[in-house]
Amino acid sequence: MAGKAPFGNPVAVSDLLGDLLDPVLRRRTGISVGLVQSWDEIAGARLAGFTRPERLAWPRRLHEDDPYEPATLVIACEGSRALELQHQTGEVIARVNGFLGFRAVGRIRIVQKPVARVEQRKKPAVRALGEAESRALAARVGAIEDEGLREALERLGRTVLGTRN
């Protein structure tokens, strides 16, 4: 197995599950785990927010000598945004084919249904530093000669100190 670590070293669960789920997902939907995981990059952040790839529907070949025909990519889309996706199908097809490395998709079929969204964690609020904390931070980074590095470290310090209780 590709995700197997020698000598019992820890391995990310996502690596192990990818190896296990990829053949099952391919058999049932025709889609690889990589396509689903990379959907944000393929479709772009805007489209990925209300769409998800469902499956690849390959046309039946009656004989093995029949010419190759690309598949239809079935995409689940929020009902109110289907028109927006429809206008961008050409670009999505090009991006998916670029990701897969060959002309796998020839057209898109849109299925209107709710798309589950992953809740993003909210960033913790950063409190304003007190006068003593600001002076101590300025003293720590004051000896750094590079102005850009000094400012970056001071911003980092403000964030770290501001998120502590």
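Which strand does Arg 107 lie in? I looked it up: Arg 107 sits in strand S3, residues 105–112.

**Ground rules.** I am working with a predicted model, where local features need pLDDT of at least 70, side-chain atom pairs count only at pLDDT 80 or more, and totals for chains, interfaces and linings use all residues. Residues are numbered from 1 along each chain as its sequence is written, and side-chain values use heavy atoms, with hydrogens and water left out.

**Fold.** I found eight helices and three strands in the chain, taken as DSSP runs numbered from the N terminus (helices H or I, at least four residues; strands E, at least two). Along the sequence they read α-α-α-α-β-β-α-α-β-α-α.

**Burial.** Of the 165 residues, 27% are buried. Here buried is under 20% relative accessible area, exposed is over 50%, and partly exposed lies in between (1.4 Å probe, protein chains only).

**Back to Arg 107.** I note that Arg 107 counts as exposed because its relative accessibility is 54%. Leaving out residues up to four places away in sequence, I see Arg 107 touching Ala 71, Thr 72, Leu 73 and Ile 93; contact means heavy atoms within 4.5 Å.
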